[in-house]
Amino acid sequence: MHSYSSSSVCNDGIEVDANNLSILFYRMGTSELQSVYADSAKDVTLPNPVGPESTGEWPSIFLDVSKMYRVVLQDGHGTTLIEADPYLPGVVDGLVAEFQTAGFLNTARAIAMPFADVASALDVLADGAYFSVITGCHRAVYRKNDCKAELLYSCPVPAELASWVMDAAGGKSSGTAGVETKSFLSAPVFTVILDAPANGMVDAGPDIQELHDTIAAEIAAGDYPTVIVQVPQGVYLIDSPVVIDKCAMLFVGTGFNVGPDIKSGTWFKVTDPNITPFTFKRLQVSPDVYDYPVRGSGFSNVAFFQEHNEDLSGTWSPTNYPHIIKCDNMLGEFFIENVYALRCNQFLNSVSSGRLRVNGLYGQFFKNIVTIDDSQDVPHIVGVHAWTYWSNHNKIMSYQQESTDFFIFGRVDTPFVDRIFCLGGRSLFHFKTGSGSTSKFTAGSIVADFCQYGLWIESNGFTGDIAALNSQHESVTDHGVPLAGAYSVYAPANSDSGNGPRFSIAGHHVQAVPGAAIKVEKANGVVDIGRAYYERLNQSGGSGATDVVTGSVVRFAIPPTIDNSGSCPLVSTGSAAAEQSIMQKVPAQAVNYLQASAAIAGAPASLQPIGTDTDIGVDVATKGGGLVRLRANGNTVARFGHIANGDTSLLVRKGVSYVEIKAEGATNGDMVISPTGAGCVWIPNGGWNTQHLRLGAYHMWVDTSGKLRIKNSAPTSSTDGAVVGTQS
């Protein structure tokens with residue numbers, strides 16, 4: 001129960017007696033009265049309309065949070081003072097606090113009462129009262145000042161957290177157009193205005209913590225609201241930790257002015273490296289029982305600022321702040337939308353919290369943007385731009401190239417990332433072994449500019465698919481010179497057992513590396529590349545485009561284009577072989593093609609022509625004086641060539657003891673050797689111990705006197721066997 005003064009307040013000259021007020025509750029959009037309750041369990045009903053008791057005290061009023069209402073505040077003459085339609089139930093000690101804000105009752109916290117338009121609010125509210133005008137998902141917040149509306153700010157509320165839009169009958173929730181209504185919206189959603197020091201000098205952390213704790217103290221167990229905290233323009237110093245664990249809080253600011261210093265807009269300033277400014281975590285209900293009321297929290301349209309060393313006369317390093325935001329076992333659904341992080345050491349650490357949603361994050365980062373581990377449910381990171389918003393000084397950028405891992409992923413299941421650009425760091429994505437490995441990494445376009453590594457894959461069993469990876473690896477202090485040990489994809493060997501990375505890159509563009517673009521030191525890895533364009537590889541000499549340990553493979557769908565890379569082969573010396581498909585040149589109006597066919601077990605694979613012609617030949621051609629070789633069982637079995645005098649040579653290599661040319665097919669298959677013109681079938685030497693003719697068991701050769709001899713076994717000398725007939 002609450003007691004308030006019955007003295008009148010001024011609303012543009014109208015005297016209002018607080019004791020004669022009454023509040024009526026209707027079904028949204030109708031004049032049908034609805035039940036209201038004196039307790040959260042809805043066991044005890046109140047009269048409708050509700051008014052103050054004879055003592056001047058108002059009862060606590062509880063509504064059905066699953067419904068939407070039309071709420072009317074009337075004076076003793078039945079005159080409507082405030083009408084809210086639709087009204088989404090709040091939970092700050094019933095409804096009374098909503099009308100405290102309107103100026104009819106005193107309050108320490110401002111809760112913006114929704115109105116249909118500004119004029120309606122000015123007609124009934126006292127000076128100093130806050131109110132909001134809602135259009136769809138857009139909310140404008142005002143304060144009545146000297147009988148006029150002072151616009152505090154106007155900004156969109158993220159669609160997933162917008163107040164529900166109900167149908168005309170007050171039935172089901174239709175959500176925001178095109179947006180699926182989330183389950184966590186079954187809790188009440190209401191807006192508060194942050195009342196905290198905004199001069200950047202006085203710590204605002206205690207006020208934010210008090211706001212959270214005050215709301216938490218008023219709500220019934222299990223009734224966890226989503227509180228949209230409208231943060232007015234100003235600089236809010238956070239010098240003490242804020243812990244959010246009893247309700248979801250979405251901090252929505254007025255935007256920010258992008259530049260190297262704090263300017264206009266909504267800013268959170270951090271100066272103490274010994275605290276984590278914002279922690280969002282699960283709620284411990286009892287020693288062994290936890291609940292997750294903070295799902296749906298986040299930041300929108302705000303900026304963050306950290307103080308760092310600005311003395312660049314000597315060696316530079318940033319102040320070693322921890323992450324500004326920590327999501328600690330909150331289960332999931334945390335939002336970052338249109339956020340600027342200026343001079344930020346580390347921004348967000350998410351542990352055991354799935355469904356992180358980043359959509360628009362910009363800033364300069366010295367150690368890390370986002371670290372995620374034990375995320376078992378699909379984070380989304382889209383639209384991140386890490387750039388020299390504060391400074392591009394060589395000492396700062398050199399530090400970043402040595403130390404900044406923009407994204408660090410441990411176990412992250414099916415992360416979606418897209419439109420990522422990061423300049424000046426050690427790695428764009430660093431995959432480490434945390435509680436597990438990253439799997440099903442699904443990326444659109446990701447760009448690493450002036451970074452040592454594009455993908456640094458230390459964990460085992462990494463899997464994924466990337467639409468486009470663009471990486472450039474020059475030193476910031478020595479433009480044009482690649483960073484030592486730089487690779488676009490690097491999977492180093494380590495003590496962990498398991499498979500190497502298995503992933504694909506549809507489009508791979510690499511610039512300026514000292515050696516290979518891809519280096520894999522882990523076995524059992526498979527990297528599939530669609531189209532590759534490599535520029536300025538092998539800048540230190542002696543390297544190929546890939547350097548892969550035996551047991552792993554890089555496979556190219558089409559041969560990569562390699563420009564300005566010296567004598568750079570596809571594969572480095574000592575590397576496992578890469579694989580690439582055969583490039584088939586297709587002239588205009590071509591109708592015949594070459595087809596390679598796989599086969600089932602025990603059957604041979606085949607290479608054959610297909611097309612519209614009835615008879616299609618196959619030409620196998622070499623370049624210059626190159627030879628055509630046929631290989632089987634790892635050995636050359638036949639070689640064809642065209643020698644310098646214009647003759648053609650055929651070399652058939654023996655197996656264990658002989659070379660077999662065997663006719664197959666008909667029972668009686670003749671074999672014809674037919675020289676041209678007056679040519680003959682010629683065995684060059686013909687001696688007993690050199691090449692000679694054998695028919696069955698009989699050997700025939702020419703002895704040293706020029707006689708043709710024959711013997712029914714292998715000869716042992718030139719004169720062995722018998723002379724054939726009479727010879728002259």
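Which residues is serine 350 in contact with, leaving aside its neighbours within four places in sequence? Contact here means heavy atoms within 4.5 Å, and the partners are Cys327, Thr371, Ile372 and Asp373.

Before I continue, a word on the source. This is a predicted model, in which local features need pLDDT of at least 70 and side-chain atom pairs count only at pLDDT 80 or more, while totals for chains, interfaces and linings use all residues. Residues are numbered from 1 along each chain as its sequence is written, and side-chain values use heavy atoms, with hydrogens and water left out.

Serine 350 lies in strand β25, residues 325-373; a strand is a DSSP run of E, at least two residues, numbered from the N terminus. Serine 350 counts as buried because its relative accessibility is 1%, where buried means under 20% relative accessible area (1.4 Å probe, protein chains only).

I turn now to the nonpolar cores. Such a core is a set of buried Ala, Val, Leu, Ile, Met, Phe, Trp, Tyr and Cys residues joined through side-chain atoms within 4.5 Å. The largest has 87 residues, and Phe299, Ile325, Phe347 and Phe407 touch the most other members. Strand β25 supplies the largest share of this core, 17 residues. A second, separate core has 21 residues, including Leu21 and Trp58.

Finally, consider strand β4, residues 22-27. Of its 6 residues, 5 are buried.

Notes. Helices (H or I, at least four residues) and strands (E, at least two) are DSSP runs, numbered from the N terminus. Buried means under 20% relative accessible area, exposed over 50%, partly exposed in between (1.4 Å probe, protein chains only).
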